[in-house]
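This briefing sets out selected features of one protein structure, grouped by topic. Please read it alongside the sequence and the 3D view.

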Amino acid sequence: MVRLISLIALMFSFMAFGQEQYIRQGTLKASATIAPSKMLNRDANNIYLNGFIAYQLDEHLSLRGETFFYINNATSTNPIYAGAIHTYFGAFYHKGKRNWDNYLGFQPGVSVVKTAFKNNAVLPTFALKIGTAYYVWKYFHFFADLTYTNSSIRGIALDYGSMKTDELIISAGLGFQINTKKK
């Protein structure tokens with residue numbers, strides 16, 4: 001087992017510490033992954049299919065579009081959502097060196113949800129995201145993100161008024177990138 005871990009670490013060190021700088025102007029990144037969440041205002045955990053596409057404007061700034069497709073509720077017997085799609089677009093600030101990229105972003109967006117209380121609702125929303133990515137080759141990287149989403153379903157019923165649907169969403173996995181500009 002120790003030999004296998006040493007071999008994997010050696011392979012990644014050769015791939016990761018080459019001469020190429022991966023975080024640069026013109027890098028186009030994308031991924032799709034399963035993302036679990038925790039609702040902050042109620043006892044519910046949701047599961048999403050999360051996909052994003054991002055374009056690096058320079059070493060420190062990127063634009064990113066992202067969508068979360070609701071798959072299922074993992075814990076609650078009375079889920080809030082019968083269906084949901086949350087879509088965001090915003091700017092990100094990056095700070096890192098060579099192969100390691102840490103980022104922070106703000107994304108305004110819109111959610112289309114179907115609940116047990118109201119057929120369909122279109123909600124204004126926003127997301128705050130913090131994340132990190134480790135580039136291991138010129139075509140792929142590993143990433144981990146934590147996203148806070150803020151939204152409310154308004155006008156559900158006279159009894160309820162508005163219902164907060166804030167969530168913390170974790171997504172991690174393998175991302176892909178290509179450089180669209182020559183150095």
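**Strand pairing, aromatic rings and nonpolar cores**

Strand β7 (residues 140-150) and strand β10 run antiparallel and are joined by 10 bridges. The model is predicted. The points below cover strand pairing, aromatic pairs, charges over rings and the nonpolar cores.

**Strand pairing**

- A30 has F176 as its bridge partner in β10.

**Aromatic pairs**

- The model contains 12 aromatic pairs.
- Y48 and F68 form an edge-to-face pair, because their ring planes stand at 75°, with the ring centres 5.9 Å apart; planes over 60 degrees apart count as edge-to-face.
- This pair links distant parts of the chain, with Y48 in strand β2 (residues 46-56) and F68 in strand β3 (residues 61-73), 20 residues apart.
- Both Y48 and F68 are buried.
- F106 and F126 have ring centres 5.7 Å apart and planes at 40°, so this pair is tilted.
- Because F106 lies in strand β5 (residues 100-115) and F126 in strand β6 (residues 121-137), the pair ties together parts that are 20 residues apart in sequence.
- F106 is partly exposed, with a relative accessible area of 42%, and F126 is partly exposed at 27%.
- One aromatic cluster is formed by Y48, F68, Y70, Y81 and Y88.

**Charges over rings**

- R64 lies over the face of F52, at 3.8 Å from the ring centre.
- The charged end of R64 also sits over the ring of F92, 5.4 Å from the centre of that ring.

**Nonpolar cores**

- The largest nonpolar core has 17 residues, and those with the most contacts inside it are Y48, I80, Y81, V113 and I153.
- Strands β1, β3, β4 (81-97) and β6 each supply at least two residues of this core.
- Beyond its neighbours within four places in sequence, V113 is in contact with Y81, G83, A84, H86, N119, N120, A121, L123 and I153.
- Another core, of 9 residues, lies apart from the largest one and includes F52, A54, F92 and Y135.
- F52 and F92, both members of this other core, are also rings over which R64 sits.
- Y48 and Y81 belong to the aromatic cluster and are among the residues with the most contacts inside the largest core.

How values were computed. Residues numbered from 1 in each chain as written. Predicted model: local features only at pLDDT ≥ 70, side-chain atom pairs only at ≥ 80, totals over all residues. Heavy atoms only, no water. Phe/Tyr/Trp six-rings, centres within 6.5 Å; stacked < 30°, edge-to-face > 60°. Helix = DSSP H or I, 4+ residues; strand = E, 2+ residues; numbered from the N terminus. Buried < 20%, exposed > 50% of the residue type's maximum accessible area, 1.4 Å probe, protein only. Lys NZ or Arg CZ within 6 Å of the ring centre and 35° of its normal. Pairing = 2+ DSSP bridges. Core = buried A, V, L, I, M, F, W, Y, C linked by side-chain atoms within 4.5 Å. Contact = heavy atoms within 4.5 Å.
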